[in-house]
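Here are my notes for anyone opening this one for the first time. Have the model on screen and go through the points in order.

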Amino acid sequence: MRFQRVSAIPVKPEALARLGALRARPAQGRVPSYVLQLNPEQKFAIVVDSQLSRLYLFRNVNGRPQYVEDYYVTLGKRGMEKTREGDQRTPVGVYHVVATLPRNKLTDFYGAGAFPINYPNAWDRLMGRNGHGIWLHGTPSNTYSRPPRASDGCIVLANPDLEQVGRDVQIGLTPVIIADEIQWSSPAAVDADREALAHAIDAWRSDWESRDTARYLSHYSRRFRANGQDYAVWAARKQKINSGKSWIKVGISDLAMFRYPRERDFALVSFDQNYRSNNLSNVIRKVQYWAKENGSWKILYEGAG
C-alpha cells in the first residue's frame with residue numbers, strides 16, 4: 001500500500017501567540033511584580049507582555065492590581081527596546097496614557113482610535129533614547145488583527161478590543177507598563193517590596209523636614225542627574241536652599257510605585273508633594289526614579305511630573 005505524503009500545514013504566528021498565551025496563563029491570585037501601588041485616582045493599569053503578544057488589564061482595588069481581562073496585541077516589527085526615531089521597536093518601561101484620538105480624527109489605518117503614551121519619558125531622555133508617536137491603536141476597517149510583530153513600534157489591538165480597553169483608560173493617569181515578559185508574583189511578595197520602597201520614601205521626606213541636609217542628601221545616588229544637574233551641582237544647590245530655612249514641612253499623597261521592567265531593583269515613583277517652609281509653599285506632582293545601591297534605595301532622578 002502506498003501512502004501519500006501530506007505537507008505540514010503552516011501555523012500562523014498569530015495563532016501560535018494566542019495559543020502560547022493560553023498555555024502560559026498565570027496561576028490564580030498571582031499579580032505582576034511591576035505594580036507595587038496604584039494611587040486612588042488610577043482606576044486601571046495596563047501591563048504588556050511582549051513575548052506572549054498580550055495586554056493585561058487590571059483594576060485598582062485598594063492600591064493593588066486585580067486582573068480583569070487580557071487581549072492579543074501586535075508590537076514592533078523589529079522587536080523591543082526602542083532607542084531611536086524610526087527603529088520600528090516598541091519601548092520597554094513604565095509610561096502612562098497622555099491623550100485620546102478618536103476615529104474621526106485619524107486615517108482608517110488606526111481603526112477605532114488611538115491612545116498616545118508618554119514615550120520618551122524622563123528616564124528615556126536621560127538614557128539618550130528618542131523618537132515619538134508610540135500609541136495604543138486599532139486596525140484598519142478591513143483587518144481584524146495583525147501578526148505579532150508588524151507595527152512600527154505601537155501597540156495594536158483589534159478594534160473591538162481597543163474599544164473595550166478604551167472605556168477604562170484615563171487620560172494622564174492610566175499606567176502602561178511594557179515588559180519583555182511579565183514576572184508574576186504572590187501578593188505577599190509585592191506587598192513586601194512596596195513596604196520597603198514606601199519606607200525609603202518616607203525616610204527621605206522626614207530627613208528633608210529635619211533640615212539636616214547631609215541626611216537628606218544621603219537618599220540621593222552619586223549617579224543622580226536631573227535638569228542638566230549632576231549630584232555635585234544638585235547637592236550644592238540644596239545646601240544653599242536649606243540653609244535659608246527655619247522650618248520645612250513636606251506632605252506626600254496619591255503615591256504610585258512601579259518596578260521597572262528589565263531593570264533590577266529600579267522603580268518609578270510619583271506623588272503629590274505639598275511643600276511648606278518659612279518662605280515658600282507649593283504643591284506639585286513629583287516623579288522620581290529610585291534604584292537599589294548596596295541594598296539601599298537611592299534616588300537617581302526627580303522632577304515635576
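1. To start: is Arg-262 buried, exposed or partly exposed? Arg-262 counts as partly exposed, at 45% relative accessibility. Keep in mind throughout that this is a predicted model. The side chain of Arg-262 meets that of Glu-81 in a salt bridge, at 2.4 Å from N to O. Arg-262 sits in the loop between β17 (248–259) and β18 (266–277), while Glu-81 is in the loop between β6 (75–76) and β7, so this pair ties together parts that are 181 residues apart in sequence. Glu-81 is partly exposed too, with a relative accessibility of 33%.

2. Other charged pairs deserve a look, as the structure holds 19 salt bridges. Side chains of opposite charge can pair when their charged atoms come close. One example is Arg-18 with Glu-14, whose closest N and O atoms are 2.9 Å apart. These two are 4 residues apart in helix α1 (residues 13–23), which means that about one helical turn separates them. Arg-18 is partly exposed at 31% relative accessibility, whereas Glu-14 counts as buried at 18%.

3. Two further salt-bridge items. Asp-265 pairs with Arg-259, with 3.3 Å between the closest N and O atoms, and Arg-259 counts as buried because its relative accessibility is 13%. Then there is a network of salt bridges that links Arg-25, Arg-54 and Asp-70.

4. Asp-70 leads us into a sheet: Tyr-56 stands opposite Asp-70 in β5. Strand β4 (residues 54–61) pairs with β5 in the antiparallel sense, over 8 bridges. Both belong to an open sheet of 5 strands in the order β5-β4-β3-β13-β7, and the pairing there is mixed. At its edges are β5 (64–72) and β7 (93–96); each has a single partner strand, so one side of each lacks a neighbour in the sheet. From one strand to the next, the twist averages 25 degrees.

5. How many strands are in the other open sheet, and in what order? There are 4, running β8-β9-β10-β12, again with mixed pairing. β8 and β9 run antiparallel and are joined by 2 bridges, with Pro-102 opposite Gly-113 in β9. β9 then pairs with β10 over 3 bridges, also antiparallel, and Pro-116 has Trp-135 in β10 as its bridge partner. Strand β10 (residues 135–137) and β12 run parallel, joined by 2 bridges; the partner of His-137 in β12 is Val-156.

6. Stay with β9 for a moment. In a regular strand the side chains alternate between the two faces of the sheet. Strand β9 (residues 113–116) is covered on both faces: Gly-113 and Phe-115 are buried on one side, and Ala-114 and Pro-116 are buried on the other.

7. Thr-100 is found in the loop between β7 and β8. Leaving out residues up to four places away in sequence, Thr-100 touches Ala-114, Phe-115, Pro-116 and Ile-171. Thr-100 is still partly exposed, with a relative accessible area of 45%. Between Thr-100 and Leu-136 there are 36 residues of sequence separation, and their C-alpha atoms are 9.6 Å apart in space.

8. Where does Asn-121 lie? Asn-121 is in the loop between β9 and α2 (122–126), and counts as buried at 3% relative accessibility. A polar atom of the Asn-121 side chain lies 3.1 Å from the backbone oxygen of Val-94. Not counting residues up to four places away in sequence, Asn-121 touches Val-94, Tyr-95, Tyr-260 and Tyr-289.

9. The ring centres of Tyr-260 and Phe-266 are 5.2 Å apart and their planes stand at 85 degrees, so the pair is edge-to-face. Tyr-260 is buried at 3% relative accessibility, and Phe-266 is buried at 4%. Elsewhere, one aromatic cluster is formed by Trp-204, Trp-208, Tyr-216, Tyr-220, Phe-224, Trp-234, Phe-271 and Tyr-275.

Notes. Residues are numbered from 1 along each chain as its sequence is written. This is a predicted model: local features need pLDDT of at least 70, side-chain atom pairs count only at pLDDT 80 or more; totals for chains, interfaces and linings use all residues. Side-chain values use heavy atoms; hydrogens and water are left out. Two strands pair if DSSP finds at least two bridges between them. Buried means under 20% relative accessible area, exposed over 50%, partly exposed in between (1.4 Å probe, protein chains only). Axes are lines fitted to C-alpha atoms, for helices over the stretch in contact, and angles run from 0 to 180 degrees between N-to-C directions. A polar contact is a pair of N or O atoms within 3.5 Å; within protein, one must be able to donate a hydrogen and the other to accept it, and residues adjacent in sequence count only if both atoms are side-chain atoms. Contact means heavy atoms within 4.5 Å. Rings of Phe, Tyr and Trp (its six-membered ring) pair if their centres lie within 6.5 Å; planes under 30 degrees apart count as stacked, over 60 as edge-to-face and the rest as tilted. A salt bridge is a side-chain nitrogen of Lys or Arg within 4 Å of a carboxyl oxygen of Asp or Glu.
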